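Subject: Structure with ligand, for your files

Hello,

Here is the structure I promised you. My notes on the ligand site and the fold follow below.

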Amino acid sequence: MTAVTGGPSLPQERKLVTSIPGPKSQELLARKNAAVASGVGVALPVSIVAAGGGVMVDVDGNSLIDLGSGIAVTGVGNSAPAVVEAVTNQVQQFTHTCFTVTPYEGYVAVAEKLNEVTPGDHEKRSALFNSGAEAVENAIKIARHYTKKNAVVVFDHAYHGRTNLTMGMTAKNIPYKDGFGPFAPEVYRVPTSYPFRDGLSGADAASVALSQIEKQVGAGNLAAIIIEPIQGEGGFIAPAEGFLPALQEWATANNVVFILDEVQTGFARTGDLFAANHEGVVPDLVTTAKGIAGGLPLSAVTGRAEIMDSAHAGGLGGTYAGSPIACAAALATIDTYERENLTERAREIGAIIDDFFGELQKSDDRIGDIRGRGAMKAIELVESGSQKPAAALTGAIAKAAGEQAVVVLTCGTFGNVIRFLPPLSISDELLREGLQVVADALAAN
Ligand SMILES: Cc1ncc(COP(=O)(O)O)c(C=O)c1O
């Protein structure tokens, strides 16, 4: 097949020319099954050849509406022109030196930018890595080094990654942890705030969590509390107002490093550059990745200078950490969020999703909850007349939507949440069409 160029100039349409997956995608799936380890699953087995705006085009010529952004990565859109240009220029200059061998400006410029745009106006430092999990691991390393304490508190429904430490920090067993232990010690899990299911105010949920921390861990042993400001893989759980500020206040009063994991929520996704800003929470450290670099692998830990600088030279790094190509992409990406006012666009997208499902919920009580912020929205599906999670229904809807050329992702500890993470470059028309396909699937199941 001739190459199709991606980016926003791709026809912005949903188009089915074969059933999904089409014959060429099925050929690739057969090759994948023979060559790729089974543990690497795929949600929708279509073989993508180009993407941009709000669509992905597969090898059979189908054009799919993208409501997932490769799990919240391509906020600026796939092959966004500014990112393509920055990466192309960088690749022509040099591809790699290893920043900790011979440094380069792109890394420093990304650190300067992160120090400027992340929550809080205190003096900051940043360190760059490759993946979200790596950023989380390093945030914990730094917090332990700074406090000279060991314990880490994480929350029910948390997701922090797939490395050994971050698997241990992640709540859900299948598929993330099962059989992969033993996990690192000194990780303690406490209840989160889950308004749909616990009915607690933010202050009450925080007092449950903090009392458990005090009784079972002890502030004197605790290096860090880490939480996603909206829990992502766990079900797009936005805590009740006041929960995060109460945790932060307690951490500050107890010499505990308060870390926000903004790997999924960061960079305009929630309608602000960072989800922490909605409640004015200022973390000591923040981890970022995903939306930071328009699809190139990059992550970061940013935070208070005195904490970040506590680790000795050589203690932080990695061969590819802060790759010059990813840094060039990040600078172009962050500039695009600002230049195109994509935080505002995320809020508009959120309003469309809220209105759409709000209307539907009036006649379908299986939509138990509609939640999230900005373009990070979800519906939690339950059995009619109850709060019992409807996981089979959720899976069936995602499958049916995929077959109708709409890519949607599921999540949630109970597997009953459909999440919407469209690229912020999607048009209103495509977004509405995609939502309608999901609604039709719901009606048919
Ligand atoms: C909140 C959060 N933290 C960490 C991670 C891990 O990031 P990565 O998959 O880049 O290692 C994710 C990925 O989904 C995430 O959502």
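A polar contact here is a pair of N or O atoms within 3.5 Å; within protein, one must be able to donate a hydrogen and the other to accept it, and residues adjacent in sequence count only if both atoms are side-chain atoms. This is a predicted model: local features need pLDDT of at least 70, side-chain atom pairs count only at pLDDT 80 or more, and totals for chains, interfaces and linings use all residues. Residues are numbered from 1 along each chain as its sequence is written, and side-chain values use heavy atoms, with hydrogens and water left out.

Ligand site

The side chain of Asp261 places an N or O atom 2.7 Å from a nitrogen atom of the ligand. Gln264 has a polar side-chain atom 2.9 Å from a ligand oxygen. For Lys290, an N or O atom of the side chain is 3.1 Å from an oxygen atom of the ligand. On its own the ligand has 390 Å² of accessible area (Shrake-Rupley method, 1.4 Å probe). The protein covers 83% of that.

Whole chain

The protein chain has 14 helices (DSSP runs of H or I, at least four residues) and 15 strands (E, at least two). Its radius of gyration, taken over C-alpha atoms, is 21 Å. The C-alpha atoms fill a box of roughly 60 × 60 × 45 Å along the principal axes.

Best wishes

Conventions:
The radius of gyration is taken over C-alpha atoms; the globule rule is 2.2 Å times the number of residues to the power 0.38.
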